[in-house]
Amino acid sequence: MERPYRVVVAKPGLDGHDRGARVIARALREAGFEVIYTGLHQTPEQIAETAIQEDVDAVGLSILSGAHMTLFPRIVDELEKRGAGEVLVFAGGIIPEADIPELTKAGVARIFTPGAPLGEITSWLEKTLDEREVAGTA
């Protein structure tokens, strides 16, 4: 990591459980990322706007409510509409394996399911952002 990457960690929709998002935010900070945590009950528009205002490299989404098939693609769309389609979107939470291919097709770069080691998440994010920076797509 040449520079500290900036990441928004967000809880979209009506999901009121944020322990996982706070754990991920802390792990990312400890790994050297700059983290902006948006808090609970964020709309796709709010998440996209925060990503742009904070000039982030990535958006990490956390969801337990089951609304991922609606909310995640809307967040990707909102980023694209605002000219920030290059922002990497990744997610975690209670997401059935059967939904992952469709979410990937919708623009979510990676889905982490419960139990994913924190080191795996931080390593994947750093490696992916490094590769994008070298390729000039970040």
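Predicted model: local features only at pLDDT ≥ 70, side-chain atom pairs only at ≥ 80, totals over all residues.

Biologist: At roughly what angle do the axes of H2 and H3 cross?

Modeller: Helix H2 (residues 44-53) and helix H3 (residues 68-81) cross at roughly 40°, and their axes come within 8 Å. Angles under 35 degrees count as roughly parallel, so H2 and H3 are oblique to each other. Their crossing is right-handed.

Biologist: Which residues make the contact?

Modeller: H2 contributes Pro44, Glu45, Ile47, Ala48 and Ala51, while H3 contributes Leu71, Arg74, Ile75, Glu78 and Leu79. Sorted by class, this contact of H2 with H3 has 7 nonpolar and 3 charged residues, with no polar ones.

Biologist: Why do the buried residues of H2 line one face of the helix?

Modeller: The general idea comes before the case. An α-helix has 3.6 residues a turn, so residues three or four places apart point the same way. In H2, the buried residues are Pro44, Ile47, Ala48, Thr50 and Ala51. Viewed down the axis of H2, they fall within an arc of 160°, so they line one face.

Biologist: Is Lys105 buried or exposed?

Modeller: Exposed means over 50% relative accessible area. Lys105 has 75%, so Lys105 is exposed. This residue is found in helix H4 (residues 100-105).

Terms used. Residues numbered from 1 in each chain as written. Heavy atoms only, no water. Helix = DSSP H or I, 4+ residues; strand = E, 2+ residues; numbered from the N terminus. Buried < 20%, exposed > 50% of the residue type's maximum accessible area, 1.4 Å probe, protein only. Axes fitted to C-alpha atoms, helices over the stretch in contact; angles between N-to-C directions. Parallel < 35°, antiparallel > 145°, perpendicular 65-115°, else oblique. Left-handed = near helix turned anticlockwise from the far one by under 90°. Contact = heavy atoms within 4.5 Å. Nonpolar A, V, L, I, M, F, W, Y, C, P; charged D, E, K, R; others polar. Arc of directions from axis to C-beta.
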